Amino acid sequence: MLENYNQFLLVCGIAFLFGALSPVFLKRLPLSLPMLQVSFGLLMGYFWSALPFLNPIANGEVVEKVCELVVLVSLVGAGIKIDTPLSYKHWRPTFRLLLITMPLCIAAMAALGYYIFGLSLAAAILLGAILAPTDPVLASSIQVGPPNSGNEDTPRFTLTSEAGLNDGLAFPFVYLAIKIAEYYGKANELSLSLLVDWLSVDVLWKVGAGVAVGVLVGKLLSKLIFSKSNKDTVMSQGYVVIAMTLLAYGVAEFVHAYGFISVFIAAFTFRHSEHTHDYHTALHDFSEQSEGLLMSLVLVVFGMALGQGLSSDVSLSWQVYATSLLFLFVVRPAAGWIGLAGLNLPNKERFVISSLGIRGIGSFYYLAYALNQDVFALDDATDLWIICSIVIIVSIFLHGIVAPRLIDDAKPSSTNKPA
């Protein structure tokens, strides 16, 4: 790879230029920036024969850490830009998506992976866990606007808050898959003690502690940044965003909690400590630009890996397409529709929220993290990467074309006003 380092920098420079010019040439086209960047990477991977093969399994630690960083920055941005206060009335659709829709998606996708694709039980559960969350990185086009930019309609707010929280809430199911993979190496039947340990530690403790750490970090930083003694001091938004991200994530991981939940909760708590302050806009702008740069790098490399796969002997069976398309066109919309039942939402808004759950970089992180534990068979790992890649590439193009139009066509029934 190092012998092609300068050429790779050139490819990344072109991808970043796409990002800079995208507001100009994407204004009237039914395309999105992720679509262009993945397509560019795909062409480079297909025709650049001198590039070493980008094997995500062999380079699992690099994939995990890079994608982890992108998701963390995205979670900060999502938390900071939400104007809607925390109340059951406003957050009911989000809670329904998290507590009903996401488990339904995990169960359905695990069944598809097990019965259609022939994955092991642990790998099938992992497949459901990595594909269930709405990606906070690639969902930016359907999320709410910058802080204090106006009232938030229900579809955009719900999709933003869902993307901010469900990345962390999918982690218990990733751990369940890992535990099952470990356990089946020692016994033929699952034990009750394994499930009790999973529920008490991986669900209750890690989720609860993650929320508590996020609230604590957010409140402490807000008191420091917005204290009266600092009101005339201009603080670098870059330092604050990075500090918030690393403090929340580091403390959460130190106490064995979910860092993704802590980062989003910290950003949301920080924002609503002084929700009308102009400083939040500067923080949002920095996190959004940082997220865009990192996203561009990941998507180009992803496209290059896909291009290499297409130019090699990697074959895609009908099960790959069946599993991927069923999930995107049936499972997520149906699970979302069920989860939002009884909320008195107009059918158009309910359909938009149910259908626009884009899959992306967060799924890469979860998959790389789980496979790096070395408890899954190589065949399952390969199948998981193939299915995950196809779902994500189809999701990127599908949502890039239809999402903005669906969002604009859905006339919001209400807006959420900040307290």
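**Exercise 1. Determine where Thr94 is placed and whether Thr94 is buried or exposed.**

Solution. Thr94 belongs to helix α4 (residues 88-115), where helices are DSSP runs of H or I with at least four residues, numbered from the N terminus. The model is predicted: local features need pLDDT of at least 70, side-chain atom pairs count only at pLDDT 80 or more, and totals for chains, interfaces and linings use all residues. Residues are numbered from 1 along each chain as its sequence is written, and side-chain values use heavy atoms, leaving out hydrogens and water.

Next, the relative accessibility of Thr94 is 0%. Thr94 is therefore buried (buried: under 20% relative accessible area; exposed: over 50%; partly exposed: in between; 1.4 Å probe, protein chains only).

**Exercise 2. Identify the residues in contact with Thr94, leaving aside neighbours within four places in sequence.**

Solution. Contact requires heavy atoms within 4.5 Å. With those neighbours left aside, Thr94 touches Phe157, Thr158, Ser161, Glu162 and Leu165.

**Exercise 3. Classify the aromatic pair of Tyr114 and Tyr115.**

Solution. Rings of Phe, Tyr and Trp (its six-membered ring) pair if their centres lie within 6.5 Å; planes under 30 degrees apart are stacked, over 60 edge-to-face, and the rest tilted. This rule gives 23 aromatic pairs. As to accessibility, Tyr114 is partly exposed at 40%, whereas Tyr115 is exposed at 67%.

Definitions and conventions:
Helix = DSSP H or I, 4+ residues; strand = E, 2+ residues; numbered from the N terminus.
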